[in-house]
Amino acid sequence: MIRSEGTRGTAVTALSILAVAAAYYAAGQIGLLRQVTIHGARVTPLWPPTGIALSALLYLGLRIWPGIALGSLLVVATVTGPVDLATPGIVAGNTLAPVCAYLMLRRAGFRKELDRLRDGAVLVFLGAMAGMLISATVGTGMLALTGRLPLGHFWPVWAAWWAGDAMGVLIVTPLLLVMRRARLPRRTDRWAEATALAVVCVVLGLVATRSSLSMLYVAFPVLIWAALRFQLAGSAPCALVLSVLAILAGSEKVGPFTGHTILEIMLNLTILNGSMALTALLLASIVTEDMNIRRRIEQACEELAEVVDHLAPGRSATAWPSRYRDERDGR
């Protein structure tokens, strides 16, 4: 029996590692669909594998880190071809970044429910901005050390690498965290509102990213609507849709991105996607925290009313609920 349970646990861990590697590789292939080349280095405005990796660590723990390393190796081999001296360093950086981000989040008391403003802020500043410094620094450093990147071009490539990895955490991780506990709306009016939100998000997203009138700012009212009415379950998908539409427009150099260089487009996309992710995540966390506080206050008021009702004249102690009799008797 002991051997059987141990074998089963090993098999589950192995399957989890392979599943994480497959998900990382698949997300990498999606991210590479809109890659750009900056001074000979291939980078993306949004790198989904970092969000996949951090989410997997938050759900499954550190035991699945080999899956991140394996998936990263497969993606790097796809991009660079045969394995060279830079490959082990890039894979190590891509693995260490989400692992260190996970450790920092756990140290800070992060909760996967993202129901507090603190959780949203920690994910932004520790999980995305601080954690992804590792992958950008190690990856760009290995390219420079092996001579594939001139030292004079280090910082532009480093900034683009870091921005893509950080956006992957900010956009993908909240969506994956909320998917596990998301529930479909039950009332008819919520379905109607959710459908209207989805339509408005896509239509305004296309207008904002394809129009030459620089209307990117119209995306924010949609995110505010989604966060206020549906919390993270609404704002996270909207942020993803709007970010993807912006990346498609930027890679095609249409709309507000017409006439800009690759670096300028990457900078604009980073600022836009980062602002949308921050708005969606932090506002949804604030609304959720406020709703939870209100719910606890209402529950406390109901319990207080019940106590007052049982303290009314003519009520005997035996009529009290058992929990209050125990507290009164010091049990």
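Helices (H or I, at least four residues) and strands (E, at least two) are taken here as DSSP runs, numbered from the N terminus. The structure is a predicted model, in which local features need pLDDT of at least 70 and side-chain atom pairs count only at pLDDT 80 or more, whereas totals for chains, interfaces and linings use all residues. Residues are numbered from 1 along each chain as its sequence is written, and side-chain values use heavy atoms, with hydrogens and water left out.

The protein comprises 12 helices and 2 strands, arranged along the sequence in the pattern α-β-β-α-α-α-α-α-α-α-α-α-α-α. Of its 331 residues, 44% are buried, where buried means under 20% relative accessible area, exposed over 50%, and partly exposed in between (1.4 Å probe, protein chains only). Among contacts (heavy atoms within 4.5 Å) between residues at least 6 apart in sequence, 72% join residues at least 24 apart.

Helix α2, spanning residues 48–60, contains 13 residues and reaches 18 Å from its first C-alpha to its last, close to the 18 Å expected at 1.5 Å a residue; the expected span is 1.5 Å times one less than the number of residues. This helix is mostly covered, with 11 of its 13 residues buried, among them Pro 48, Pro 49, Ile 52 and Leu 58. Just after α2, Gly 61 adopts a positive phi of about 90°.

Grid points are joined across faces, edges and corners, and a volume is the space filled by probe spheres set on the points. The second largest pocket has a volume of about 450 Å³ and is lined by 21 residues, of which Arg 42, Val 43, Val 79, Ile 90 and Trp 161 lie nearest its centre. At least two lining residues come from each of β2 (41–43), α3 (65–80), α4 (86–107) and α7 (154–179), and α3 gives the most, with 5 residues. The lining of this pocket has 12 nonpolar, 6 polar and 3 charged residues, counting Ala, Val, Leu, Ile, Met, Phe, Trp, Tyr, Cys and Pro as nonpolar, Asp, Glu, Lys and Arg as charged, and the others, Gly among them, as polar.

The structure also holds 3 cavities of 30 Å³ or more, and about 50 Å³ of space lies in the largest cavity. Helices α7, α10 (232–252) and α11 (262–310) each supply at least two residues of its lining, which has 9 nonpolar, no polar and no charged residues. One of the lining residues is Ile 171, which lies in helix α7 and counts as buried because its relative accessibility is 2%. Leaving aside residues up to four places away in sequence, Ile 171 touches Leu 46, Ala 239, Leu 240, Ser 243, Asn 273 and Ala 277.

A search of the whole structure finds 0 disulfides, a disulfide being a pair of cysteine sulfur atoms within 2.5 Å. The sulfur of Cys 238 is 3.9 Å from the closest cysteine sulfur, in Cys 201, and is therefore too far for a bond. Cys 238 is buried, with a relative accessible area of 7%, whereas Cys 100 counts as partly exposed at 25% relative accessibility.

Key: 1 Å grid on protein atoms, 1.4 Å probe; cavity = no way out; pocket = protein on both sides within 12 Å on 5 of 7 lines; lining within 4 Å.
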